[in-house]
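Subject: Structure handover and findings

Dear colleague,

Please find below the structure for your review.

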Amino acid sequence: MLLKMGTFLISHFTANRNRYFEKISSDVSPTLPNPNYKIPLLAGPVHNLGGGGADVDDAIQWMINQVRGGDNSHKKVNVLVIRAAGNDDYNQLIYRMRGVNYVETLIIRNRQEANKTDIFDKVRNAGVIFFAGGDQCEYIRNWKNTKLEAAIKSVYDKGGAIGGTSAGAMIQSEYVYDSCACEDSIETSEALDDPYRNITFTYNFFQWKHLRRTIIDTHFDERKRMGRIMVFIARQIQDGVSATALGIAISEETSLLVDKYGIAKVMGRGAAYFVLGDHPPEVCQPGSPLTYSDYKIWRVPRGETFDLNKLPSKGYYLRSVKRGRFDSDPY
């Protein structure tokens with residue numbers, strides 16, 4: 001009797017074991033990636049950092065050409081525009097560009113959407129990502145530490161392009177002024193008068209190889225933001241985040257193109273500024289105006305390049321801030 005019962009149980013288990021294990025797997029295992037996904041060979045990674053205002057169309061085309069292997073390559077790539085609000089106006093512009101397989105705009109409004117598996121699959125199958133302008137605080141709150149962030153990083157890792165304009169460019173530096181402490185972004189006079197009031201930063205979002213120890217600002221000439229980026233730099237040093245910090249400031253209707261070797265080139269109407277703080281500030285504390293001597297500033301006009309791997313030993317000018325005021329015109 002016992003032998004028959006044992007034989008029955010073994011036979012029953014063997015016949016149904018696949019069904020049992022399938023049930024266990026579905027209960028405890030995360031959704032597996034799409035098995036049809038294949039990592040394409042791309043020629044980046046590269047960046048297109050826009051200063052806001054009208055986009056530089058040639059800079060977007062440059063991104064596409066770089067990752068597909070050159071202007072004359074027959075390879076086509078998928079392009080995704082990502083934003084938290086707005087429309088799909090970029091689609092028509094980008095679809096007309098050379099080397100585009102398809103283009104789609106994803107409007108991702110919250111963390112639930114940023115964690116959807118279908119969004120994850122769409123993003124990691126792209127070759128080019130472009131963040132539209134908007135609110136960097138909203139982007140960080142909704143996208144940081146989500147599947148969306150992981151998918152974007154995978155595009156970079158396979159040699160894709162990561163671009164953006166205005167807030168979409170600002171979130172790409174290692175240190176991000178997040179604008180989460182106040183309704184409107186802080187401006188130069190307020191920042192210089194008190195480097196801590198309503199000024200907060202986000203860390204450990206995207207950490208791209210050639211943008212380490214940087215903080216990006218946009219709408220630069222038009223909104224006279226030299227003072228605020230000087231404060232952002234001083235804060236990283238004063239707060240012990242880094243011994244040095246490089247500000248990358250981009251004018252409107254201007255793009256900074258960063259190739260896979262870390263060489264940055266200015267394209268468009270205006271200039272880019274590279275502002276280096278390489279020593280502690282004299283005064284950087286709550287409630288007191290900033291004092292910081294000898295920022296090194298490189299002004300790079302359109303068509304010129306700047307090596308992010310090894311900062312130039314010449315070509316800069318020095319500017320200081322004393323009790324919240326510039327010692328001379330910083331531009």
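The accessible surface of the protein comes to about 16,000 Å², and 50% of this belongs to carbon and sulfur atoms. Areas were computed by the Shrake-Rupley method with a 1.4 Å probe, and for residues only the protein chains shown count as cover. The model is a predicted one: local features need pLDDT of at least 70, side-chain atom pairs count only at pLDDT 80 or more, and totals for chains, interfaces and linings use all residues. Residues are numbered from 1 along each chain as its sequence is written, and side-chain values use heavy atoms, with hydrogens and water left out.

Overall composition

Of the 331 residues, 50% count as buried (under 20% relative accessible area, with exposed being over 50% and partly exposed in between; 1.4 Å probe, protein chains only). The protein has 11 helices and 16 strands, which are DSSP runs numbered from the N terminus (helices H or I of at least four residues, strands E of at least two). Among contacts (heavy atoms within 4.5 Å) between residues at least 6 apart in sequence, 73% join residues at least 24 apart.

Strand S2 (residues 77-83) runs parallel to S3 and is joined to it by seven bridges. Within this pair, Asn-78 stands opposite Tyr-102 in S3.

Ala-126 lies in the loop between helix H5 (117-124) and strand S4 (128-131). Is this residue buried or exposed? Ala-126 is buried, with a relative accessible area of 0%. Leaving aside neighbours within four places in sequence, Ala-126 is in contact with Asn-78, Leu-80, Val-155 and Lys-158. Ala-126 and Tyr-102 are 24 residues apart in sequence, and their C-alpha atoms are 9.3 Å apart.

Val-155 belongs to helix H7 (residues 147-157), in which Leu-148, Glu-149, Ala-151, Ile-152, Val-155 and Tyr-156 are buried. Seen down the axis of H7, these buried residues fall within an arc of 165°, so they line one face of the helix (the arc is that of the directions from the helix axis to the C-beta atoms). At the start of H7, a side-chain oxygen of Thr-146 reaches to within 3.3 Å of the backbone nitrogen of Leu-148. H7 is followed by Gly-159, whose phi is positive, near 95°.

Gln-172

Gln-172 lies in the loop between helix H8 (167-170) and strand S6 (176-177). Gln-172 counts as buried, at 0% relative accessibility. Its side chain reaches the backbone oxygen of Gly-163 at 3.2 Å. Leaving aside neighbours within four places in sequence, the contacts of Gln-172 include His-47, Leu-49, Phe-131, Trp-208 and Ile-216.

The six-stranded sheet

A second open sheet, also with mixed pairing, has six strands in the order S8-S9-S12-S13-S15-S16. Strand S8 (214-217) and strand S16 (325-326) stand at the edges; each has a single partner strand, so one side of each is left without a neighbour in the sheet.

Strand S9 (residues 245-250) is antiparallel to S12, with six bridges between them, and Ile-248 stands opposite Phe-274 in S12. Strand S12 (residues 272-277) is in turn joined by five bridges to strand S13 (residues 292-300), again antiparallel; here Leu-276 has Lys-296 as its bridge partner. S13 and strand S15 (residues 317-322) pair in the antiparallel sense over four bridges, with Arg-319 as the bridge partner of Tyr-295. Helix H11 (residues 226-238) lies across S8, S9, S12, S13, S15 and S16, running at about 120° to S13.

With kind regards

Definitions and conventions
Two strands pair if DSSP finds at least two bridges between them. A polar contact is a pair of N or O atoms within 3.5 Å; within protein, one must be able to donate a hydrogen and the other to accept it, and residues adjacent in sequence count only if both atoms are side-chain atoms. Axes are lines fitted to C-alpha atoms, for helices over the stretch in contact, and angles run from 0 to 180 degrees between N-to-C directions.
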